[in-house]
Amino acid sequence: MDTQHQQSALKAAKVLMVGAGGIGCELLKTLALSGFEDIHIIDMDTIEVSNLNRQFLFRRSHVGQSKAKVARDAVLRFRPHINIRSYHANVKNPEFDADFFKQFDVILNGLDNLDARRHVNRLCLAADVPLVESGTTGFLGQVTVHVKGKTECYECQTKPAPKTYPVCTITSTPTKFVHCIVWAKDLLFAKLFGDKNQDNDLNVRSNNSASSSKETEDVFERAEDEDIEQYGRKIYDHVFGYNIETALSNEETWKNRRRPRPIYSKEVLPESLTQQNGSSQNSSVTDGDSMISVMPSLGLKNPQELWGLTQNSLVFIEALKLFFAKRKKEIGHLTFDKDDQLAVEFVTAAANIRAESFGIPLHSLFEAKGIAGNIVHAVATTNAIVAGLIVIEAIKVLKKDVDKYRMTYCLEHPSRKLLLMPVQPFEPNPSCYVCSKTPLVLEINTQKSKLRDLVDKIVKAKLGMNLPLIMHGASLLYEVGDDLDDIMVANYNANLEKHLSELPSPVVNGSILTVEDLQQELSCKINIKHREEFDEEKEPEGMVLSGWTQSPATNGESASTSNNENAIDATDSSSGPEIVTKKRRLSETKPENHKKEAENVESEEDDDLVEIENPMMVSKKKKRVE
């Protein structure tokens, strides 16, 4: 700092870090060395071996321990006089409410997912505390400043949706390995280990004449006395054999496509895997459920090795057996997690077997994990640069140097001889439903859609509300909370199963719903627009949410509306540019037209960047700060 007074201000400042991963380790170290002496850290994750090559505060002996606690202890060893408090918890827990946030002078984000970012953004707005947001994607990175009423909030601009693929491509005619990964992750894994009542195209009838209709319909149900290995082979034969044969029966589909090959377990596997590989009870390495693995028992040591069809088939069966043998209580509630070793092994094997069937090149476990988790591998140097930029912006925030706030982009290749491109922040978006309270518009068939559809697909999935409350006029339609009595819970659960038009206070065309999240202290309006029909391929949810209200054109400006989404998401680096709502710099009086190119990725550590702008587009739409 340039003066003793400013140094004293840093010592007195109370800051909250959210995330103690790749960016978080660098950030905590930089804060401590820059003169900050009251630092709080929230992180729910534990340390994994894969973190050690870039999260330098951790060592192998720390694997399995809390990231927040270990990071705190590591920094206190070289800065023992400062106060660092760690919270091994989810930032979305109720104790971290707006009142908790109000005690801090600035919040610093190093998160790995959009949901948590939105949650922190809303709490910062409710507490009126400045937020410095950050993220990295390989060599790219960015740091942005969000101050209520002065700059745009984190949600003022729509975040690009993940690359989506038509359901028919995923289920019937895959041509890329990513199609096989999405099939294995979002359909097969979800059907076997998630909610078994969900319907998907894996339930096509077998063309095996020996199978009864009932047997075919119940193929994913395992009888109490059914041998696990036999159950696994039954699933294998159904999805890789019977279903492929059924697809081949439609000759029209394959006139101009390569015909897939049905694969049955008896063709590639020995009669008894137990005799060859030993009992599944003894075949795993365990260090918590997420570390259970079939690889050691099968002699597979290198995750970058390419497995053949037989090896993939063995992994498929053995992984399924381990889920039932060691994690049976979780079955029915599991969702795919890129940090769950056994889940990654199962999905990799299933995707490779399907790829073999359709003539698609196979991929290693390492490659498959990257695709399944939408991973762009981290670069430690980028994390360090971004952490430094966060601290610079935090100091400006504490000094209230509004004119000096910058959004800074880390570039992979020099642009105008720059690897860092700072630009002035933008004013709040008047059409933002989070910080400007602009109503949303929901097109939905009010006679066919249930309240549950609206709660799950819109309020929770799209609006990111954790504890929603939904009102129609003075009528309370839905609410969640620990303080509800049994009668209220029963009434709300009954409402969930009613069509919107059949609710106690009917929701029809022109209705206006008020949706609140008391934990986030967020409230917004949803204008309901009844619509009879939806395109099943382009609008599979049967509803379309417009995130921004169309605003009047001014000087050639127009507001963007939300895009339609397909049912299954996956990231693809080939995604093209997106048109976004026009933004204005704080110092501008006339907006400039611009386009945004963005990628939605989820990194394997805590420094994922949900939104990266194309630097060349940035240089056109924003005047570079000299």
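Student: Over how many bridges do E11 and E13 pair?

Tutor: This is a predicted model, in which local features need pLDDT of at least 70, side-chain atom pairs count only at pLDDT 80 or more, and totals for chains, interfaces and linings use all residues. Residues are numbered from 1 along each chain as its sequence is written, and side-chain values use heavy atoms, leaving out hydrogens and water. Helices (H or I, at least four residues) and strands (E, at least two) are DSSP runs numbered from the N terminus, and two strands pair if DSSP finds at least two bridges between them. E11 and E13 are antiparallel, and the number of bridges in their pairing is five.

Student: In E14, which residue is the bridge partner of threonine 514?

Tutor: Strand E13 (residues 512-517) pairs with strand E14 (residues 522-530) in the antiparallel sense over six bridges. Threonine 514 is also the bridge partner, in E13, of methionine 471. In E14, its partner is lysine 525.

Student: Which strands are at the edges of the open sheet?

Tutor: Six strands form this sheet, with mixed pairing, in the order E12-E11-E13-E14-E10-E15. An edge strand pairs on one side only, and the two that do so are strand E12 (475-479) and strand E15 (543-546).

Student: Which glycine in the turn between E11 and E12 has a positive phi?

Tutor: E11 and E12 run antiparallel and are joined by four bridges, with isoleucine 470 opposite tyrosine 478 in E12. The two strands form a hairpin with two residues between them. The residue in the turn with a phi of about 65° is glycine 473.

Student: How many of the 18 residues of H12 are buried?

Tutor: Buried means under 20% relative accessible area, exposed over 50%, and partly exposed in between, with a 1.4 Å probe and protein chains only. H12 is largely enclosed by the rest of the structure, because the buried residues among its 18 number 14.
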